[in-house]
Amino acid sequence: MSKHYIVEVIGKQMLLPGIFRFEIKSRDISQTALPGQFLEIKCSDCIDTILRRPISISGVDRENGTVEFIFQARGKATRQLAEKGEGSKLDILGPLGKGFTIPDRSAKAAIVGGGIGIFPLLFLGSELNKPNLDVFLGFRTLENALLIDEFRERAQNLIVSTDDGSMGHHGVITDILEKKAMESGYDMIFACGPQPMLRKVKEAACSLQIPCEISVEERMACGVGACLGCAIKLIDGEQWKYGHVCKDGPVFNTRNVELE
Amino acid sequence: MSVINTEVNIAGIRMKNPVMVSSGTFGYGREYADYIDIGRLGAIVTKGTSAEPWSGNKPPRTCETPGGMMNAIGLQNPGIKSFIVNDLPWLRTFDTRVIVNIVGKTIEEYVAVASELRDADIDGIELNLSCPNVKAGCVAFGTSYAGVKEVTQRVREVCSKPLIVKLTPNVTSIEEPAKGAEDAGADAISLINTLLAMSIDVHSRKPVLANNTGGLSGPCVKPVAVRMVWQAAMAVNIPVIGMGGIVTGEDAVEFLLAGASAVSVGTANFMEPEAAVNIIDGIEDYMWKYGFTSLEQLIGKLELN
């Protein structure tokens, strides 16, 4: 089935300067999307920025047939996307890629997010069992912190840290995760954020022997597995081979992926 | 009103229309089968495939540039044996022509892939002498008359199927390699492959691509491609397959007028998964608009100023 849709933007909100939340109408995507999957969005009709941009899904409303995504307007294409408003039409492919594995409701889970990596985790948080979910969010400073209330609604415990101590704990979120994980004994860890954070989460999960899934980023062209652009090293026994973030991921079990 | 006939015969490959999809932009077809009716394509040209599996280059492998993109995939592919077993039977279920793009680091490797394909159910081979992103082979053979002639001759010896030679634009004169292919017995030539390019991240002061350089493609290369197709078509008597930045039916018509007998769609597939089909429709729209009933009325019919 084709996953190519023209959809309408029905809601737009600026969460922080340069960070936008769009809500779009798409019954099909709202019914089929899994946390961790992404959309390939055509940001402009102008031939200057020719490639679509992969943007993760941050939530769905299956009843009303809507889907939301949050993105930072960072480059030429995403800045053009940010200029669209309610009523605009968007040309998208999706939902694409492999999402997170949703564990049993009895499983104790931890979500770890850093910076703008927290957006796909919001959708994941909605699908997990609140009494068994702890959420760890790390930001650079208070000014970068966002979605705090929404994560709090989804979690039993919410722990926030900032690099400069302006909000929550002072320090890196992975240190707190490690301590809590030793006490609480999670059955599963999910993470998305900057590469150094993911490496630390991987190490922690590995040493505590907790299954861990991470969502990673790489430059993409096609988004569907044809161009082989978004290569990532996948562990294959004693060796490795290049897999592709768009099709084999963007969610990977940390056992199977090498983070450089 | 007469009926429009878009059939074309290239190098003995009869296609229902002149639109192919370019090597490296369409995998082995599976990724796009959900989006378009593969049976509408004139032909599929597969991902460049080598004798043994290749792992490809380090990431980042792609980046966008104004009006285009760069890539340095490094011809990652599962090898010809895997293709024949895992992909070819599936591709054969569609009513389209299957052309296998072959790559190698040495002449022997090219010959080895072509030999593996001797008994395979394919419609033709495209000999890739033009990938700028692998250190040995490929483009190293593709820039001179003698280099192209030598590899083409050796592959010709083991290939009884239609043989297309894909040329690089990274040369001073396209006529030389084009003639090399023709003199070695190629049935057709295709061009252009990507233009050797570089993009620099000024913040890190490093090239964006891990490979440092990459191949430029997309709408921004089209005028270069049209010029080279025009020059090549004048230089040889075998058919020319034109490509480089085709996004619309009218883009494709430019190449036909310049002398291409067929066209191929590459980067546009990443922009719109249905691009190739839209281009087929766009060519027909153009023909209706101007009253053309067959492609012969268009091919090479450029009127110079």
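A residue counts as buried when its relative accessible area is under 20%. Keep in mind that this is a predicted model.

Q: What makes both faces of strand β15 (residues 240-243) of chain B count as covered?
A: Look at each side in turn. B:Val240 and B:Gly242 sit on one side, B:Ile241 and B:Met243 on the other, and all are buried. Buried means under 20% relative accessible area, so that is the cut-off behind the label.

Q: How do you know that strand β10 (residues 188-191) of chain B pairs with β15(B)?
A: Pairing takes at least two bridges. Three bridges join β10(B) to β15(B), so they pair, and they run parallel. In that pairing, B:Ser190 has B:Ile241 as its bridge partner.

Q: What makes β15(B) and strand β16 (residues 262-265) of chain B a pair?
A: Again the cut-off is at least two bridges, and here there are three, in the parallel sense. B:Ile241 stands opposite B:Ala262 of β16(B).

Q: Why is helix α4 (residues 145-158) of chain B called roughly parallel to helix α5 (residues 175-183) of chain B?
A: Their axes come within 7 Å and cross at roughly 25 degrees. Angles under 35 degrees count as roughly parallel, so α4(B) gets that label relative to α5(B). The crossing is right-handed.

Q: Which residues of α4(B) meet α5(B)?
A: B:Tyr145, B:Val148, B:Lys149 and B:Thr152 do, and their partners in α5(B) include B:Glu176, B:Pro177 and B:Asp183.

Key. Residues numbered from 1 in each chain as written. Chains lettered and ligands numbered in written order. Predicted model: local features only at pLDDT ≥ 70, side-chain atom pairs only at ≥ 80, totals over all residues. Heavy atoms only, no water. Buried < 20%, exposed > 50% of the residue type's maximum accessible area, 1.4 Å probe, protein only. Helix = DSSP H or I, 4+ residues; strand = E, 2+ residues; numbered from the N terminus. Axes fitted to C-alpha atoms, helices over the stretch in contact; angles between N-to-C directions. Parallel < 35°, antiparallel > 145°, perpendicular 65-115°, else oblique. Left-handed = near helix turned anticlockwise from the far one by under 90°. Contact = heavy atoms within 4.5 Å.
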